[in-house]
Amino acid sequence: MTSLTQDNTTTTPAKETSSTTGTPGEPTIAVIGAGIAGLSAALAVANGDPDAGLPGQHVTLITKTDLVESNTYHAQGGIAAAIFPDDDPKLHAKDTLAAGAGLCEPKAVDILTREGAEQVRRLIGAGVRFDKHPDGTLLRGLEAAHSRSRVVHAGGDATGKIVELDVSAIARDTPNIHIIEHAFVVDLVTEPIDTHSPAAGEARAAGVTSAVRGVRLFDTVTGEQRTLACNRVILATGGAGRLYPFTTNPQVATGDGLAAAWRAGAQVADLEFYQFHPTALGVGEHFLISEAVRGEGATLLNERGERYMTAIDPRAELAPRDVVARENFRQMMAQGGRPVLLDATAIGRKMGLDQAGLTAFLKRRFPTIDAYTRSMGFDWSREPIPVTPAAHYWMGGIRTDVWARTSIRGLYAAGECARTGVQGANRLASNSLLEGLAYGRRAGLAALRDTDAAVWQPQSLLGSAANAQTREITEPQTLAIPSPDTQVDTDAKPADVRDAIEQTMWHGVGVLRDADGLGHAQSRLTGLVEQTQTQAQAALSKMAEKPKTNATASMPTPDDIANTVTSLENRNLATIGLIAATAALARTESRGAHARTDFPDTDSVQACSRPFIRG
């Protein structure tokens with residue numbers, strides 16, 4: 001493990017980290033987050049682009065916990081890529097645009113499907129262990145709203161885990177990559193752009209007023225705090241499923257990069273669009289039951305044993321995720337909130353398998369799900385299992401251009417924390433890892449190529465609309481975030497505050513929404529922002545007062561550090577939750593993953609993305 005020290009250097013055990021560093025204290029490129037987007041960015045910086053004559057540079061890769069812990073690690077289904085003879089990136093782009101409900105940026109989607117396919121081929125060439133037929137050809141699966149079977153997977157239902165392990169091993173062995181583990185990014189350090197510089201006019205015209213100069217870090221092992229100087233920062237911090245009590249995301253998914261960018265003044269967009277996966281196990285840790293299970297033929301039933309999706313959409317269980325999630329939620333409400341059922345025995349009937357054959361197939365094709373469901377006491381080869389919608393993926397995030405640049409000079413974003421325009425109002429299944437691959441690499445190359453005068457060049461937010469009313473919507477809207485209040489309850493346990501955030505989001509900004517629920521959530525989250533900001537500041541101040549030497553009696557305890565981390569995460573979650581509630585209240589229509597029961601129809605005037613910026 002790499003630890004942080006007070007003299008702004010790092011101690012790097014050779015057995016864990018490979019690095020070639022520059023001059024101590026020299027501004028550098030930092031990548032925050034080590035899922036597939038962060039790893040792709042770091043490798044792009046380290047290796048450069050030999051075809052373009054662009055040499056690699058040293059890069060610092062910072063991760064919140066262990067290197068491999070990320071949303072990528074927990075991804076199951078696979079990676080969608082048009083790499084087969086009967087497929088084409090243009091067809092993949094068409095499917096992506098259709099799923100995005102009018103809010104995808106066509107240029108960004110074209111880049112995703114073309115360059116993403118190239119990056120998947122590179123992974124295959126690098127030896128990443130994708131599943132294959134006995135003859136050595138790639139296995140591929142069909143998932144919802146795809147017109148071709150194009151989803152490659154690894155380890156059956158452990159694609160993310162294998163990709164993360166294989167690519168992180170490459171990163172560890174790559175010269176120029178310096179890894180810092182167990183470092184929480186507290187905030188970005190920025191400074192105003194020199195108004196007298198030659199490029200100041202261009203920056204102002206693009207809405208760029210500040211430049212990044214570093215990151216503030218909190219060591220989650222020692223409790224130390226420090227600032228790392230850098231003039232290029234790539235945020236790849238993933239999503240924020242921990243906004244909700246029911247989520248498929250790991251504990252680390254608390255929106256840290258998104259919140260830090262917002263506090264620094266970056267534009268964000270599409271935060272009203274949160275994708276709820278239709279099928280998480282209805283008990284325990286709400287373990288994800290991959291869409292690929294339905295792709296193989298599993299069906300959804302209510303508690304009376306009736307299949308209902310055939311009456312909702314001609315694609316039935318393979319309709320877009322938002323359609324399936326909402327109907328699952330409605331069925332649950334009609335049966336007192338109890339989970340619906342996923343019937344994997346339908347796979348056996350579809351494939352003509354007997355009981356033993358189905359048991360063997362499920363164990364081979366979905367080994368992780370099979371093991372987990374059995375550990376919870378279910379034999380899904382014989383009986384349906386309970387499932388529920390759960391927060392899964394955020395389509396919105398930090399607004400970027402197609403080279404991952406943000407509205408802060410020197411700050412880039414890639415992966416789930418970014419709003420590139422490829423996901424629109426509803427992400428197409430298995431496009432998330434693809435986006436991390438394609439745009440993580442682009443972020444790394446842009447950080448290498450850009451001069452100190454470079455500014456972002458964002459695509460239009462008009463989506464499929466183009467009229468005066470729509471153009472007004474696409475102007476950045478300011479949102480004032482409350483200041484810390486010393487009168488708030490700073491003694492509340494961080495765990496209790498987290499529960500308040502989760503419950504507020506689930507009931508007010510969940511699968512189905514209306515003005516009353518959103519208004520209540522907005523009001524409640526405003527108070528929680530004040531409370532969490534005050535608690536986070538108090539926790540950091542307390543930690544700063546603790547000695548870091550041999551005075552063991554007063555050194556930070558593991559509980560002190562854990563409570564500080566939770567307080568920092570709560571600050572992030574409350575902040576971005578408030579923005580999400582505000583954006584959802586402003587969008588008076590239903591579109592993609594955003595469903596308003598008081599505005600059930602889609603409004604053509606609102607066929608655009610809404611940007612927000614801190615006021």
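A residue counts as buried when its relative accessible area is under 20%, as exposed when over 50%, and as partly exposed in between (1.4 Å probe, protein chains only). W506 has a relative accessible area of 16%, so this residue is buried.

Before you click on, note that this is a predicted model, where local features need pLDDT of at least 70, side-chain atom pairs count only at pLDDT 80 or more, and totals for chains, interfaces and linings use all residues. Residues are numbered from 1 along each chain as its sequence is written, and side-chain values use heavy atoms, with hydrogens and water left out.

**Stop one: the aromatic cluster.** Select Y244, F246, Y274, F276, W394 and W506, which form one aromatic cluster. Rings of Phe, Tyr and Trp (its six-membered ring) pair if their centres lie within 6.5 Å; planes under 30 degrees apart are stacked, over 60 edge-to-face, and the rest tilted. Across the whole structure, a search finds 9 aromatic pairs.

Next, pick F246 and W506. Their ring centres are 4.7 Å apart and their planes at 70°, so this pair is edge-to-face. How many residues apart are F246 and W506? The answer is 260, so look for distant parts of the chain being linked here. F246 is partly exposed, at 26% relative accessible area.

**Stop two: charges over rings.** A charge sits over a ring if NZ of Lys or CZ of Arg is within 6 Å of the ring centre and within 35 degrees of the ring normal. Select R140 and F84: the charged end of R140 is 4.4 Å from the ring centre of F84. Finish at R442, which lies over the face of W403, 3.8 Å from the ring centre.

Methods: Helix = DSSP H or I, 4+ residues; strand = E, 2+ residues; numbered from the N terminus.
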